[in-house]
Amino acid sequence: GGAPSGPKPLAGRRVLVTSGPTHEPIDPVRYIANRSSGKQGHAIAAAAAAAGAQVTLISGPVTIPDPVGVNTVHVESARDMLAATESALPADIAIFAAAVADWRTADAAGQKMKKDGKSPPSLALVENPDILATIAAREIDRPALVVGFAAETQNVVDYARAKLAKKGCDLIVANDVGGTGVMGGDANTVHLVTTDSVETWPTLPKVDVATRLVAHFADLLAHKG
Ligand code: CTP
Ligand code: CA
């Protein structure tokens with residue numbers, strides 16, 4: 001017997017997903033990170049595979065397992081994530097669920113930094129490349145459907161609209177991370193934001209959000225022809 005097989009709306013399609021945090025080195029033993037668990041992005045990759053897609057998942061450092069049936073590429077930093085994402089093209093749908101570190105240290109130390117009895121070191125930071133905006137702006141191999149995520153603690157829909165315009169993606173999945181329990185938790189409340197529409201979904205387990213998102217993306221792609 002095998003697993004029950006449902007409809008395969010993404011059969012023959014290629015899907016790219018970024019997921020998890022990135023780690024930006026300070027020195028060989030320390031890094032800058034964030035609270036992303038990768039649960040939502042990994043669940044989307046698994047749901048896309050279940051829908052018949054050929055899936056590449058570019059994962060930052062997470063503690064959850066690689067989804068079954070998905071080609072998972074492990075990276076650490078934002079710059080590595082960008083390179084791996086570009087290498088995974090072409091794709092029909094690209095979904096940017098990673099919580100990419102906005103900044104990295106200007107110059108990571110080559111050796112472990114030591115307390116020297118003087119004042120604590122200050123970290124000079126520089127901005128990381130925007131992976132979503134870079135892929136959305138491509139003239140060659142731009143995926144037909146480019147989806148961004150926006151984790152916000154206030155003005156969720158307004159900020160999502162601004163991000164949609166700034167990054168040039170087709171859709172933003174906005175989630176409210178203001179309450180406790182979303183980052184690392186198993187449930188998510190999302191708003192699907194385009195230039196002229198907002199659809200708010202009920203709070204659902206992240207795996208159910210993933211299944212519904214993938215079905216929605218498959219519909220959008222089918223209507224793009
Ligand atoms: N993103 C990305 N590369 C970055 C920063 C963000 O690909 N260097 C993507 C995220 O994966 C997400 C979307 O851009 O899909 C929005 O990320 P977010 O952190 O909400 O937006 P920022 O533009 O970084 O704005 P801010 O953090 O200041 O709100
Ligand atoms: Ca950010």
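**Helix 1 and helix 5.** I started with how these two helices cross in this predicted model: helix 1 passes helix 5 in a right-handed crossing (the near helix is turned clockwise from the far one by less than a right angle).

**Who touches whom.** I looked for contacts, meaning heavy atoms within 4.5 Å. Helix 1 brings residues including Ala 43, Ile 44 and Ala 47, and helix 5 brings, among them, Val 207, Ala 210 and Leu 213.

Next I traced an open sheet of eight strands, ordered 5-4-1-6-9-10-12-13 with mixed pairing (two strands pair if DSSP finds at least two bridges between them). Strand 5 (71–74) and strand 13 (197–200) are at the edges with a single partner strand each, so one side of each has no neighbour in the sheet. Strand 4 (residues 54–59) pairs with strand 5 in the parallel sense over four bridges, and I noted Asn 71 in strand 5 as the bridge partner of Thr 56.

Residues are numbered from 1 along each chain as its sequence is written, with chains lettered from A and ligands numbered from 1 in the order in which they are written. Local features need pLDDT of at least 70, side-chain atom pairs count only at pLDDT 80 or more, totals for chains, interfaces and linings use all residues, and side-chain values use heavy atoms, leaving out hydrogens and water.
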